[in-house]
Amino acid sequence: MRIETLAVHAGHQIDPATGAVASPIYLSTTFEREADGSYPHGYNYTRSDNPNRQALEDCLSALEGGSAAAAFASGSAATMSIFQSLAPGDHVLAPNDAYYGTAHLLKNTFARWGLQITFVDMSDLQAVQQAVQANTKLLWLETPSNPLLKISDIARLAELAHQVGALCACDNTWAPIAQRPFDLGADLIVHSTTKYLGGHSDVLGGVVVTRQDNEFFQRIRQVQQTGGAVPSPFDCWLVLRGVRTLPLRLRAHTENALKLATFLSQHPIVAAVHYPGLQSHPGYEVASQQMSLFGGMLSFQVQGGREPAFAVAARVKLFTRATSLGAVESLLEHRASIEGPTSQTPQNLLRVSVGLEHADDLIEDLAQALAPLVQG
Ligand SMILES: *Cc1c(COP(=O)(O)O)cnc(C)c1O
């Protein structure tokens, strides 16, 4: 089945008890045992499993073309479960522009628990090759990256990982549907379902999908079921509902983003636009090969530094000044200030999550926010 069909149907069934087309939400924390001690429906306690979580995991596994999935209470909990499934002394190779929270977890939590970590420019294959060690057990990819939308070559990097017996995990939060990491050789896919999969800024969640249901994935399952950072049944229900429109939404996000990126790249006071769908983007070639859509995220730099960038953010009316991404409404944020004092992000950079409004309205809003800078 094609992706649009999977998005609508995978994980869904008509409720056998009532015929309900939209599935019920199973709030029950516990499930009845038969007289012989067995659990005929497969559920015993909701931390271990729940019908809504099962449905979501079935859907996301099918959507990514994997063999199993583990849903978590946040993208960060999903990310953590992979690091928690490694052992002290294992070496992790991660991008030097990894999602801020992911880098923070590696540096501040997992380094103390004995993981060896090297941060490297994942868009530079030679640099990655040099950073690989005999004890490298995990290559962590995030493409397009945050906030410069750098592109790393999933197929080549997965190959590099496999040469030393390491796993290749791909955080696919920024480009669901648009890129298919398992087809390119990745072993694990992570999503913050808070973003495009949920799609409406109203639910926090995460998932790990695995290409093979192997011993490593069983460790992740243990972290999920025993560690207990699991999503509520309602959260699972909301993400599952969001996924039904994901392929259509992502197409529309991409269309709008390309229009906005084109407008910005022609604007006199915009110093740089970072969008992989622009031919001027350094990752355009690789992106064209591994992405079927360029996605709805972009960032741009305003001439003159932090102050004019802040002023543009202050003047937008239709965009909401907020962090996060992937929802129907457009968001704009001054990324360096949310990342704090140790941020490497340029001070004149604004990150945009392009929503589903009409592109012309979005362009008009940015045009009026930028206009005072043109006059000086
Ligand atoms: C938001 C995000 C995360 C973290 O997800 P949460 O659901 O906020 O915990 C991880 N990776 C990327 C790329 C993200 O954008």
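Colleague: How much space lies in the second largest cavity?

Modeller: Please keep in mind that this is a predicted model. A search of the whole structure finds 2 cavities of 30 Å³ or more, and the space in the second largest cavity comes to about 40 Å³.

Colleague: Which helix supplies the largest share of the lining of the second largest cavity?

Modeller: The residues lining the second largest cavity include Leu56, Phe72, Asp235, Cys236 and Val239, and by class the lining has 8 nonpolar, 3 polar and 1 charged residues. Strand 1 (68-72) and helix 8 (233-243) each supply at least two residues of this lining. The largest share, 3 residues, comes from helix 8.

Colleague: How many charged residues does the lining of the largest cavity have?

Modeller: About 50 Å³ of space lies in the largest cavity, and among the residues that line the largest cavity are Asp97, Asp121, Glu142 and Lys150. By class, its lining has 2 nonpolar and 3 polar residues, while the number of charged residues is 4.

Colleague: Turning to the pockets, which helix gives the most to the lining of the largest pocket?

Modeller: The largest pocket holds about 510 Å³ of space, and of the 21 residues that line this pocket, Gln13, Pro16, Tyr26, Tyr43 and Pro51 are the closest to its centre. By class, the lining has 10 nonpolar, 7 polar and 4 charged residues. With 5 residues, the element that gives the most to this lining is helix 2.

Colleague: And which helix gives the most to the lining of the second largest pocket?

Modeller: About 430 Å³ of space lies in the second largest pocket, which is lined by 20 residues, with Asn96, Asp97, Ala98, Tyr100 and Gln344 nearest its centre. The classes in this lining are 8 nonpolar, 8 polar and 4 charged residues. The most, 5 residues, is given by helix 4 (residues 100-110).

Colleague: Is Leu27 buried or exposed?

Modeller: Leu27 lies in the loop between helix 1 (3-9) and helix 2 (51-64), and together with Ile25 and Phe234 this leucine forms a nonpolar patch on the surface, the three having about 300 Å² of accessible area together. The relative accessible area of Leu27 is 65%, and a residue counts as exposed when that value is over 50%. Leu27 is therefore exposed.

Notes: Residues numbered from 1 in each chain as written. Predicted model: local features only at pLDDT ≥ 70, side-chain atom pairs only at ≥ 80, totals over all residues. Heavy atoms only, no water. Patch = residues over 30% accessible without salt bridge, like charges linked within 9 Å, V, L, I, M, F, W, Y side chains within 5 Å. Areas by Shrake-Rupley, 256 points an atom, 1.4 Å probe, with all protein chains shown as cover. Salt bridge = Lys/Arg side-chain N within 4 Å of Asp/Glu carboxyl O. Helix = DSSP H or I, 4+ residues; strand = E, 2+ residues; numbered from the N terminus. Buried < 20%, exposed > 50% of the residue type's maximum accessible area, 1.4 Å probe, protein only. 1 Å grid on protein atoms, 1.4 Å probe; cavity = no way out; pocket = protein on both sides within 12 Å on 5 of 7 lines; lining within 4 Å. Points joined across faces, edges and corners; volume = space filled by probe spheres on them. Nonpolar A, V, L, I, M, F, W, Y, C, P; charged D, E, K, R; others polar.
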